[in-house]
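The sequence and structure are placed here for reference.

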Amino acid sequence: MAFAFLPELLISILVLLVVVLGLYYIKSSKNPLLPVDWPVVGILPSLAINLHRLHQYIAFDLLSRSGHSLKFAIASIQIFLTCDPVNIQHIFTLNHTNYPKGEEFADIFDVARGSLFTVDGEPCRRERTNYQGVLSSPRVVGLMNTCCRDKVEKGLLPFMAHMALTNAHVDMNDLIMRLVFDMYAMTIFGVDTAFLSLDMPPVHVADAMDTVMEVAFIRHIVPVFFWKVMRRLDIGPERKLAAAQALLRCFTMDMIMKRRGNDHGIVQEVPVDILSNYVNDPRYNDDLLQATLITYMISGRDTIGTTLSWVIYNLAKNPHVVSSIHDELAPIISRKPSIAGATMTMLDLDDVKALVYLQATLLETLRLYPPIPIERKSVVTTDVMPSGHEVCARDIVLVSIYSIGRMESVWGANCREYRPERWLSEDGRQLRHVPSHKFLAFNSGPRLCLGRDIAIMQMKIIVAAIVWNFDVKVLDGQTIETKLSCLLQMKNGLKVKLNKREM
């Protein structure tokens with residue numbers, strides 16, 4: 001039994017050897033960008049050599065040269081890659097039952113197994129109904145908005161004011177991720193983690209969440225048996241992932257046990273935070289409850305935190321957009337009563353609802369920098385895509401959301417430009433509707449994001465507070481690139497200089 005995994009290990013070594021030889025060939029080739037279909041590993045060496053620019057490689061070197069869709073193989077696994085909106089509508093809506101996430105997806109994200117994030121079919125519909133009930137609860141929505149406002153007013157703005165006063169440089173990516181973690185820890189668990197504070201405490205739980213997404217990315221691109229051998233041997237990234245998963249489970253279980261200890265087995269009549277809606281539900285054992293809570297953290301902290309960093313980056317690079325946001329904010333803020341001693345201005349939920357241009361700015365950021373840049377689906381039975389490509393059972397479908405936002409046929413010749421105006425009606429007073437199969441940042445079809453409206457409102461409150469109270473300048477000399485992760489996170493952070501605006 002001790003050597004039961006030996007055949008898999010030998011195959012993995014062979015695959016690794018072929019990848020290394022492929023990388024050597026590609027590096028010495030006159031045109032290293034074009035994929036080479038190698039025996040056993042397919043185009044894996046070509047992908048590996050372009051990992052540092054993977055999403056640009058997929059968008060411009062693969063999909064744009066192949067009519068927005070193509071098929072290729074990695075280690076005998078057939079993969080269909082697309083960014084064609086017609087195919088996307090077919091996959092996500094018209095024939096969605098043939099394209100579930102699948103068991104392999106659940107294996108990749110095993111820390112969230114059984115939750116809405118990983119299930120299909122009837123379990124998915126059941127979990128989605130539960131999530132919808134929680135996220136539509138007035139008390140939960142009220143708590144989310146209160147947590148957001150309080151953390152911005154009492155945490156983010158004072159921190160930024162201190163950095164501006166001391167002329168210190170700030171990593172806005174780190175700052176935003178701390179803010180959003182605190183917001184969602186309070187919303188989900190009713191606990192203030194206080195990661196956003198002047199002493200900048202370690203964020204081990206947040207780091208563990210990042211590790212889950214980074215190692216999941218590796219699991220996506222290497223053959224299944226390869227990462228499963230590493231997991232069995234407890235080596236490489238799988239060793240790091242095991243430690244991260246243990247930390248996440250320990251954190252969530254600690255929150256659960258503290259809640260059960262405080263409740264003394266008594267069910268709350270009116271649940272307030274998200275955990276209160278699940279902790280005494282007999283349908284959720286400890287494993288499923290932990291997976292569900294982790295999914296809520298991923299849905300909130302990872303997606304909103306990732307998006308906001310790109311919003312700040314693009315606003316700093318486009319001062320004319322910031323000026324337009326100021327123009328939209330000015331009449332609303334002028335009507336707010338002045339508060340004695342207040343040095344900064346905050347907007348409430350009712351204030352930001354009417355901010356059309358600000359919302360267009362968020363949507364434009366999501367178009368170019370979707371927090372989840374690639375969606376993965378499995379194939380149940382043989383099918384023919386609207387583009388004419390045939391997919392077979394057990395094939396993998398990859399949808400490049402990053403590439404969709406850079407398609408001229410959808411967004412015009414200026415598709416690579418940052419222009420919030422493209423989302424506005426001619427008179428600039430309303431948002432222009434774009435169907436979800438052309439703008440997939442909030443998913444599409446039966447899996448359309450349940451927290452979309454809440455996320456947009458929270459981001460509007462945060463961005464309005466930052467833009468109205470501070471001028472943000474991105475420091476020169478830094479390279480803004482993305483991590484190797486399932487999320488489009490910034491690899492090296494976002495270093496900025498803050499200046500307090502004079503009102």
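Which residues in helix 15 meet helix 18, and which residues in helix 18 do they meet? I noted that the model is predicted. From helix 15, I listed Leu358, Gln359, Leu362 and Leu363; their partners in helix 18 are Arg452, Ile456, Met459, Lys460, Val463 and Ala464. By class, this contact has seven nonpolar, one polar and two charged residues.

I then looked up the geometry of the pair. The axes of helix 15 (residues 356-368) and helix 18 (residues 452-469) come within 10 Å and cross at roughly 110 degrees. Helix 15 is therefore roughly perpendicular to helix 18.

Next, I turned to helix 8 (residues 172-189) and helix 12 (residues 286-317), which pack at an angle of about 150 degrees with their axes 9 Å apart.

Finally, I examined helix 7 (residues 138-165). Helix 7 has 28 residues and reaches 39 Å from its first C-alpha to its last, close to the 40 Å expected at 1.5 Å a residue. I also recorded a bend of about 40 degrees in helix 7 at Val152. Just after helix 7, Asn167 takes a positive phi of about 60 degrees.

Conventions: Residues numbered from 1 in each chain as written. Predicted model: local features only at pLDDT ≥ 70, side-chain atom pairs only at ≥ 80, totals over all residues. Heavy atoms only, no water. Helix = DSSP H or I, 4+ residues; strand = E, 2+ residues; numbered from the N terminus. Expected span 1.5 Å × (residues − 1). Bend = angle between axes of the 7 residues up to and from the residue. Axes fitted to C-alpha atoms, helices over the stretch in contact; angles between N-to-C directions. Parallel < 35°, antiparallel > 145°, perpendicular 65-115°, else oblique. Contact = heavy atoms within 4.5 Å. Nonpolar A, V, L, I, M, F, W, Y, C, P; charged D, E, K, R; others polar.
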